[in-house]
Amino acid sequence: MTVKLDFDECLKDSPRFRASIELVEAEVSELETRLEKLLKLGNGLLESGRHYLATSRAFIVGICELARLGPPEPMMVECLDKFTESLNHKLDSHAELLEATQQTLQQQIQTLVKEGLRGFREARRDFWRGAESLEAALTHHAEVPRRRAQEAEEAGAALKTARAGYRGRALDYALQINVIEEKRKFDIMEFVLHLVEAQATHFQQGHEELSQLAHYRKDLGAQLHQLVLNSAREKRDMEQRHVLLKQKELGGEEPEPSLKEGPGGLPYPNAVHVGNSISTSSRRWFTIQSNQLVYQKKYKDPVTVVVDDLRLCTVKLCPDSERRFCFEVVSPSKSCLLQADSERLLQLWVSAVQSSIATAFSQARLDDSPWGSGQGSGHLAMGSAATLGCGRTTRGREPGGVGHVAAQVQSVDGNAQCCDCREPAPEWASINLGVTLCIQCSGIHRSLGVHFSKVRSLTLDSWEPELVKLMCELGNVIINQIYEARVEAMAVKKPGPSCSRQEKEAWIHAKYVEKKFLTKLPEIRGQREPPSDDLGSLHPGALLFRASGHPPSLPTMADALAHGANVNWVNGGQENTTPLIQATAANSLLACEFLLQNGANVNQADIHGRGPLHHATILGHTGLACLFLKRGADLGARDSEGRDPLTIAMEAANADIVTLLRLAKMREAEAAQGQAGDETYLDIFRDFSLMASDDPEKLKRSGHDLHTL
């Protein structure tokens, strides 16, 4: 509505004034209709908002119930508590927004409809009544004859009164029209302003609420990433375990029984039969708990005690029983005839019960508490499990270790992107080349075969400390300087991250298999190392040998291997020494690791019959001896003087190497007897590997008293 009425036109009562009145009334009527529609829409918005709040609060309650499902997990409970609390605060802010919207509707729009338009309607009614009175007075005044002077005078007075009343009402009506025009502008703009301010307050509170969780959300994202990696490793372990068990099952192997108690206090027993006679036997699940022999019919059933105290019992075979695989547990008060499922399980059960009886006696002597206490149950469970030959558990990786390896390797210059396609944040590596790879290029490398590239995950696989240092010593920049030396000269375009797999595959094959981009070395006919100090004139094998010596040069070694050097090249001019023996003499853990990763023979001997392990022992290089033993060095190999590495270490009184060699011999003996062994061997070798890699000075110790070994 844009028409404003002039008070002068109102007094004249001109046709223009009447036309303006009709136009104004039509627009006011349309304004009233639209305001009522806006009120209905606003009420619908408020109703929908309240329904949204109720549904959202119910949804948050459903999220909270997830935290109470199963055993409580602190990380999940903390996450759900923090986020649901934040969401509840957001909903409270939303409720305040709805309340502010409702108040604005009531104060601005509803007031305009009820009060502003009501004054307009009353003024309009009075105006049209005055107009009708004026029209009637005008008509009557015009109809009075000349001869009726008195009536004409009265008609004139009535007309004057009617005109005065009409003009007053017209002025009031014009005033109401002009007022409502101005009020409409202010009220609607004020309504919109209050509405936007309420929205701004709501979203600002939401931003502040979520900003308080920014640090927590970042930390949680990192923890979830680690959980995903751990889950992937666990999935891989489970798949490997699944394949192993399936192979055993298909091979007809029986699973190892276990009498130990599970994490929830319930046993994982083996099935046998029990009864006073064979005819009344039934299948039960037996286990040994707290010096007692107990059984269950079903997993969740309470246990039934068969023998109260194993120390008062004895166990014996029943060869005269009419059924096979039977044995008997005899106590002073009863005798239980049990049947296993096979001869092997029969022997294991008898051995386990005998061991549990012995363990019960030992525990009774160690504990001051009465026998059968809950404290002793754990010891009995361990003893039973050991008797049944349960496999040892492997030590888990240290938290954050895998992520630390990835960060450490990627921090090397050039390693933050894939060596072959420049994809950022590569999470795979070729350990014999010493480069980082994206997942697609790693698959292509794996298809080349391990004689070209050995692929390992930076985030999913375990890494030896010496291998991590080797990766940090080489890196993408050094290796690409070798394998891409002539790329610019040949005007070859290197693929990028967005290139197809076929393009990347062609590039990798040309780079590592065909070796198209290497610089050419001069052809050398002889195999012996020439006396020249010019490395460029050396045969690749001689170059590898020279670079492996003191001080070793890993880039030169990588260059020699790239040009086809035989990693087991023999230097006939120096007693048939190999590059690995040369690196051993230089006491270079990284050079030895690099050669071994590229296929060096850990048992190749020189002219005196001494392999790398002999030389490491003679020179007292404990870290290298540990490395060679881990890589399968022959403990029994003897040199031309008939001495094996242990004999040499004993003569040199090198306690550390003697310890490693003796442990390795014990490990071999246990493996030959089919025993799994324990964690001691791995723990000691892990400690020596860490010292050799991180603090080699600790291994430079004088001989100790070998009588303690």
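The model on display is a predicted one.

Next, step back to α15 itself, which spans residues 554-562. Colour L554, M557, A558, A560, L561 and A562, each of which is buried. An α-helix has 3.6 residues a turn, so residues three or four places apart point the same way. To see what surrounds the buried residues of α15, display α10 (465-473), α11 (476-483), α14 (540-548) and α17 (589-597), against which they pack.

Remain with α17 and select Q597, which is located in that helix. Q597 has a relative accessibility of 8%, under the 20% cut-off, and therefore counts as buried. Its side chain makes a polar contact of 2.7 Å with the side chain of E593. Beyond the residues up to four places away in sequence, Q597 touches I431, N432, K454, L467 and R631.

Now move to N415, in the loop that runs between α8 (401-410) and β8 (428-430). Is N415 buried or exposed? With a relative accessible area of 0%, N415 is buried. Show its contacts: leaving aside residues up to four places away in sequence, N415 touches V409, Q410, P426, T436, M471, G475 and N476.

Finally, select strand β3, residues 292-296. Four of its five residues are buried, so β3 is largely enclosed by the rest of the structure.

How values were computed: Residues are numbered from 1 along each chain as its sequence is written. This is a predicted model: local features need pLDDT of at least 70, side-chain atom pairs count only at pLDDT 80 or more; totals for chains, interfaces and linings use all residues. Side-chain values use heavy atoms; hydrogens and water are left out. Helices (H or I, at least four residues) and strands (E, at least two) are DSSP runs, numbered from the N terminus. Buried means under 20% relative accessible area, exposed over 50%, partly exposed in between (1.4 Å probe, protein chains only). Contact means heavy atoms within 4.5 Å. A polar contact is a pair of N or O atoms within 3.5 Å; within protein, one must be able to donate a hydrogen and the other to accept it, and residues adjacent in sequence count only if both atoms are side-chain atoms.
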